Amino acid sequence: MNFLEERIVKDGVVKEGNVLKVDSFLNHQMDINLLDMMGAEYKKRFAGKNINKILTIEASGIGIAAIVARHFNCPVVFAKKSKSINLEGEMYTAQVESFTHKNVNNVIVAKKFLTPEDHVLIIDDFLANGCALQGLIQIVNAAGATVEGIGIAIEKGFQPGGRMIRNMGYQLESLAIVDGMDAATGGITFRPQ
Ligand code: G4P
């Protein structure tokens, strides 16, 4: 097991409905040393890629991306979720459906922060159905920028997002891939990496 898998086993809580709570160290209270180790690991996995910008999505991606960005020495842009759609023109927008929250958000990034010169690493905490990632990829493409890779903390391997993104040809690096969870026993099965 790697450091993130070990931490998930130690402090993650499996809930009914295939939900994994990691709010004591990843997406509510944040263990900055852990995020720093994640940044070092992404830096290794994306060695040789000329990344000059990190893109994430509010809310939980922001803290992780900010620490990861120290390892790439580049700025972070976070896509904002917005109900209003009257910002077109200055903004790149994509629609992101959340299966978990059963709603649709417009996701927006100001055009001035994403340009054809940008080589982007996309960072997020969870990959489940992949809707958030699809929206971010759409925005990068609209800007004429390049997706160099995608770094995820926890991929739910039994949901379709990971396969879909890999089939699109992107380098997707998930530090922990959960293939199964049992709320009764708290057991978690990781995909060997
Ligand atoms: P997707 O992002 O891959 O399309 O999946 P989905 O629509 O199912 O996920 C919706 C939200 O739920 C996402 O956060 C995602 O990070 C989160 N999520 C999915 N599965 C789990 C899980 O097992 N545990 C936890 N803790 N979160 C999960 P969001 O609501 O879009 O963003 P945020 O504001 O919470 O960052």
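Begin by selecting helix α2 (residues 32-45), which lies across β7 (119-127), β8 (146-156) and β9 (172-182) and runs at about 120° to β9. The model is predicted: local features need pLDDT of at least 70 and side-chain atom pairs pLDDT 80 or more, while totals for chains, interfaces and linings use all residues. Residues are numbered from 1 along each chain as its sequence is written, and side-chain values use heavy atoms, without hydrogens and water.

Axes are lines fitted to C-alpha atoms, for helices over the stretch in contact, with angles from 0 to 180 degrees between N-to-C directions.

Next, select helix α4 (residues 131-142), which packs on the sheet and touches β3, β4, β5, β6 (103-110), β7 and β8; contact means heavy atoms within 4.5 Å. The direction of α4 makes about 165° with that of β5.

Now display the sheet itself. Eight strands form an open, mixed sheet in the order β5-β6-β4-β3-β7-β8-β9-β10; two strands pair if DSSP finds at least two bridges between them. The edges are β5 (91-98) and β10 (187-190), each with a single partner strand, so one side of each lacks a neighbour in the sheet.

Within the sheet, select β3 (residues 53-57) and β4 (residues 76-82), which pair in the parallel sense over four bridges. Ile 54 stands opposite Val 76 in β4.

Finally, select Tyr 42 and Phe 46. Tyr 42 is buried (under 20% relative accessible area, with a 1.4 Å probe and protein chains only; exposed is over 50%, partly exposed in between), at 0%. Phe 46 is also buried, at 1%.

Conventions: Helix = DSSP H or I, 4+ residues; strand = E, 2+ residues; numbered from the N terminus.
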